[in-house]
Amino acid sequence: MPVPIGNTLGIFSDNIVRRRSILPLSTKRITHWSNGFSLPHGGSTILYTGQMYQLIPFINSMSHQLGKFEDSWITRFFGIGRFFNKMLNLTKFMAFPSSKEKAAYDQPIRNIVECLHKAGSEFGYLYEHDYYSGALAYDEGLDDAFKRHAKFVYNVWKEHNVKTLITIDPHTTNIVRSIYPHYIEDFDIEVKNYMEILAENPPPVVQHLHETVTVHDPCLYARSESIVEQPRKLLRNIGIEVQETELSGALANCCGGPLESLFPKKSLLIAKKRVDQLLDCASTIITSCPICMANLKRVTPETHSVHDISEYLVKSYSPDFK
Amino acid sequence: MITTNTDSQKNEKIVTINCQFLNQMKLGSEFNATACINCGTCTAICPMEINLLPRQLFRYVLIGAEEKVLENVNNIYSCLLCRMCEENCPAGVHIAENVRSLRTYINREVYGLSRS
Ligand code: SF4
Ligand code: SF4
């Protein structure tokens, strides 16, 4: 039996409604990346993570478990799981990422903040109010839960007098910039992606990096948010040569990540197909989405590598940054 | 509910038309499939090789064949919403949004997920 769709989505929906995230994390975990930055609490411009990078190690770990259950008898008990999950956050017991993995997905957020500071951007952070955006609930068609959640998140921003959000991943950027306005009357918050800010006003290059890479465009950046040229411009500016696959930009194939929770095996097949296309061009793949990074990494041979673009940018703008 | 013979009397393929389903999908202003010219570009380009989407599946929606739609639940949830098909669709069909509308319908009406 495949992973049961109704009960799995039921668990996500219950979590969004009751715990404000598909996979609820502690405030300590969500904000851990910010240690050492002393970002102001709030402000008219804030960095909004939407918890996407922080969630990936947990989603990885959970889909690893789901992958084991897929086609097994255990799937019959997902209904009981959903019943108990309403009272107790069961998803907490399904995801145990290592400290190393959690740190690996905190690091891109730290890199991005450092790069923005080097570009002279000033912004605050909402810490315990840095809520999940509801992106997966929207994609899976959980519109009732999504609508309520989006309104809640928007009201939090309004209460804190937020005027501009700086977003750092494609799913959060797309959901708050292009989808929230359809669900929230009079939506009037400006949404800027960090690569747009850096490309408009690139920080001084301290170190040129002489490497050849290929770029994997996340679907939502490429086909919904027109963020294709910015990463290339930023990479060229720091001395990187980009070898393009035939299927790049608006024609880039998906990494398969969106299927991870319901069809883990199919998700791996799609990732493999994409990695093969990319590795024909260069042995280093650069992307700018935590979901793409996680899914492509799962099938990339050890001799090759996948990196978040922020790793390269920070190495050039702030070589000593850790 | 209307029951009709689709193909021919001979092969006895009966499709049940559910008017309530049809009305609900029509009410959701997001669902746009009437512009589809059945060219097959989306099928050829889809990385998931979901050959039912959207040509046949969306036709089922347009005639209110709920049963047929529900036979394809796995396809509906397998779509990556990657919009590769949309990027190349000559008729400007909002394919990914149509798939999402179907998920919303199934979540509400089949899985009972409108209230938690
Ligand atoms: S590409 Fe567009 S017009 Fe052609 S079959 Fe698909 S939806 Fe219809
Ligand atoms: S949006 Fe869905 S149907 Fe269209 S190409 Fe992507 S996976 Fe295929």
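Residues count as buried when their relative accessible area is under 20%. The legends below describe close-up views of a predicted model.

View 1. Strand β7 covers residues 284-287 of chain A, and its residues are all buried. A:Thr284 and A:Ile286 point one way from the strand, while A:Ile285 and A:Thr287 point the other way. In a regular strand, side chains alternate between the two faces of the sheet. Strand β5, residues 212-215 of chain A, pairs with β7(A) in the parallel sense over two bridges. A:Val215 has A:Ile286 of β7(A) as its bridge partner. β7(A) also pairs with strand β8, residues 305-308 of chain A, in the parallel sense and over four bridges. Here the bridge partner of A:Thr284 is A:Ser305 in β8(A). Together with helix α13 (residues 290-299 of chain A), β7(A) and β8(A) make a right-handed β-α-β unit.

**View 2. The four-stranded open sheet of chain A.** The order of the strands in this open sheet is β2-β1-β3-β4 (chain A), and the pairing is parallel. The edge strands are β2 (124-125) and β4 (190-193) of chain A, each of which pairs on one side only. Strands of a sheet pair through backbone hydrogen bonds, either parallel or antiparallel. β1(A) and β2(A) run parallel and are joined by two bridges. Across this pair, A:Ile46 stands opposite A:Gly124 in β2(A). β1(A) pairs with β3(A) in the parallel sense as well, over four bridges. In β3(A), A:Thr167 is the bridge partner of A:Tyr48.

View 3. Residues 164-167 of chain A form strand β3, and all are buried. The side chains of A:Thr164 and A:Ile166 point one way, and those of A:Leu165 and A:Thr167 the other way. β3(A) and β4(A) pair in the parallel sense over four bridges. A:Thr164 stands opposite A:Glu190 in β4(A). Helix α8, residues 170-183 of chain A, makes a right-handed β-α-β unit with β3(A) and β4(A).

**View 4. Surroundings of A:Thr45.** A:Thr45 lies in strand β1 (residues 45-48) of chain A. A:Phe123 is 78 residues away along the chain, yet the C-alpha atoms of A:Thr45 and A:Phe123 are separated by 5.0 Å. Leaving aside neighbours within four places in sequence, A:Thr45 is in contact with A:Glu122, A:Phe123, A:Gly124, A:Thr164 and A:Ile166. A:Thr164 and A:Ile166 point one way from β3(A).

**View 5. A:Ser248 in a loop of chain A.** A:Ser248 is found in the loop between β6 (241-242) and α12 (264-279) of chain A. A:Ser248 has a relative accessible area of 18% and is therefore buried, the limit being under 20%. The side chains of A:Ser248 and A:Glu244 are joined by a polar contact of 3.3 Å. Apart from neighbours within four places in sequence, A:Ser248 is in contact with A:Asp217 and A:Arg232.

View 6. Chain B has seven helices and two strands. Along the sequence, the chain follows the pattern β-β-α-α-α-α-α-α-α. Of its 116 residues, 48% count as buried. Among the contacts in chain B with a separation of 6 or more, residues 24 or more positions apart account for 62%. B:Glu67 is in helix α4 (residues 66-70) of chain B. With a relative accessible area of 47%, B:Glu67 is partly exposed. B:Glu67 and B:Phe21 are 46 residues apart in sequence, and their C-alpha atoms are 9.9 Å apart in space.

**View 7. The shell around ligand 1.** Ligand 1 is surrounded by 14 residues. The closest are B:Cys36, B:Cys39, B:Cys42, B:Arg55 and B:Cys89. By class, the shell holds ten nonpolar, three polar and one charged residues.

How values were computed: Residues numbered from 1 in each chain as written. Chains lettered and ligands numbered in written order. Predicted model: local features only at pLDDT ≥ 70, side-chain atom pairs only at ≥ 80, totals over all residues. Heavy atoms only, no water. Buried < 20%, exposed > 50% of the residue type's maximum accessible area, 1.4 Å probe, protein only. Pairing = 2+ DSSP bridges. Right-handed = clockwise from strand over helix to strand, strands pointing away. Near = heavy atom within 4 Å. Nonpolar A, V, L, I, M, F, W, Y, C, P; charged D, E, K, R; others polar. Contact = heavy atoms within 4.5 Å. Polar contact = N/O pair within 3.5 Å; in protein donor to acceptor, adjacent residues only side chain to side chain.
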